[in-house]
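Let's take a walk through a protein model together. Please have the sequence and the 3D view ready.

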Amino acid sequence: LDDHLSDSRVGGRYDRTLADEPFAGARVVIEAGVTAAGEAVRASAYAEDGALLWRRELATGQRTELTLVDGFFGGTEKRPLVYLYAMGDGLNAYDAQSGEAAWRVPTDAVNLGGSVTRAFAGDGTLYVGGYYGPEPVAISSAGEVLWQASTGSDIYWLYDIQVLPEGVLASYEVVSATSDGLFAGAVLYDLETGETLEVIEE
């Protein structure tokens with residue numbers, strides 16, 4: 001396995017393992033790293049003897065103070081997926097067993113920005129957003145954008161998403177801006193529609 005954790009095809013080096021899971025007799029490893037121009041993320045599947053079965057890779061053409069790539073597992077029990085994200089390319093889903101592309105939500109459709117945070121519902125629906133925006137976006141396990149929340153201009157810097165029985169709870173560094181300052185807190189969104197149910201100041 002170590003032989004495959006070195007220089008990237010896109011001209012950089014992978015130095016972070018984001019996830020590592022077994023799937024149907026294989027092992028899928030998701031890594032992130034830097035390139036000469038930006039950041040990269042890849043998923044690699046290995047057989048029990050260490051042979052490379054498939055690999056998928058995305059890269060950005062820039063680097064900022066935020067993390068511009070991510071990778072994680074999701075989908076459903078019947079169809080597990082590997083998700084790779086790179087700002088400027090979009091969110092890509094691949095079949096965890098074959099590595100075949102399942103679907104893609106490009107950046108021009110939903111721009112997730114950098115330092116994304118996410119959570120999954122039991123049916124495989126992904127709730128995801130970026131630090132500088134957007135507010136949470138719901139994407140089904142089939143790649144359909146179900147809704148995109150829109151709360152208001154005073155709510156920004158998203159850093160955590162949780163799926164609760166009562167809705168999607170998103171935590172922000174700012175949910176209110178007044179003459180007294182900026183106030184952190186959370187927003188509760190409806191699971192099915194993305195409608196704002198409650199704004200909670202800390």
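We begin with confidence, then visit the core, the aromatic rings and a sheet.

This is a predicted model, where local features need pLDDT of at least 70, side-chain atom pairs count only at pLDDT 80 or more, and totals for chains, interfaces and linings use all residues. Residues are numbered from 1 along each chain as its sequence is written, and side-chain values use heavy atoms, leaving out hydrogens and water.

The pLDDT is the predictor's confidence in each residue, from 0 to 100. For the protein chain it averages 90, and 95% of the residues score at least 70. Over residues 1–6, pLDDT stays under 50.

Now look inside. A nonpolar core is a set of buried Ala, Val, Leu, Ile, Met, Phe, Trp, Tyr and Cys residues joined through side-chain atoms within 4.5 Å; buried means under 20% relative accessible area, exposed over 50%, and partly exposed in between (1.4 Å probe, protein chains only). The largest nonpolar core has 17 residues, and Val28, Ile30, Phe73, Val82 and Leu84 have the most contacts inside it. Among the elements that give two or more residues to this core are strands E5 and E6; strands (E, at least two residues) and helices (H or I, at least four) are DSSP runs, numbered from the N terminus. A contact means heavy atoms within 4.5 Å, and the residues that Phe73 touches include Val28, Ile30, Val82 and Phe120.

Next come the aromatic rings. Rings of Phe, Tyr and Trp (its six-membered ring) pair if their centres lie within 6.5 Å; planes under 30 degrees apart count as stacked, over 60 as edge-to-face and the rest as tilted. By this rule there are nine aromatic pairs. Phe72 and Tyr83 are stacked, because their ring centres are 5.2 Å apart and their planes are at 15°. Phe72 lies in strand E5 (residues 69–75) and Tyr83 in strand E6 (residues 80–86), so this pair ties together parts that are eleven residues apart in sequence. Phe72 is buried at 3% relative accessibility, and Tyr83 is buried at 0%. Ring pairs also link Phe72 and Tyr83 with Trp103 and Phe120 into a cluster.

Finally, find the open sheet of four strands, in the order E9-E10-E11-E12 with antiparallel pairing. Two strands pair if DSSP finds at least two bridges between them. Strand E9 (117–120) and strand E12 (145–148) stand at the edges with a single partner strand each, so one side of each has no neighbour in the sheet. Three bridges join E10 to E11.

Methods:
Lists of a residue's contacts leave out its neighbours within four places in sequence.
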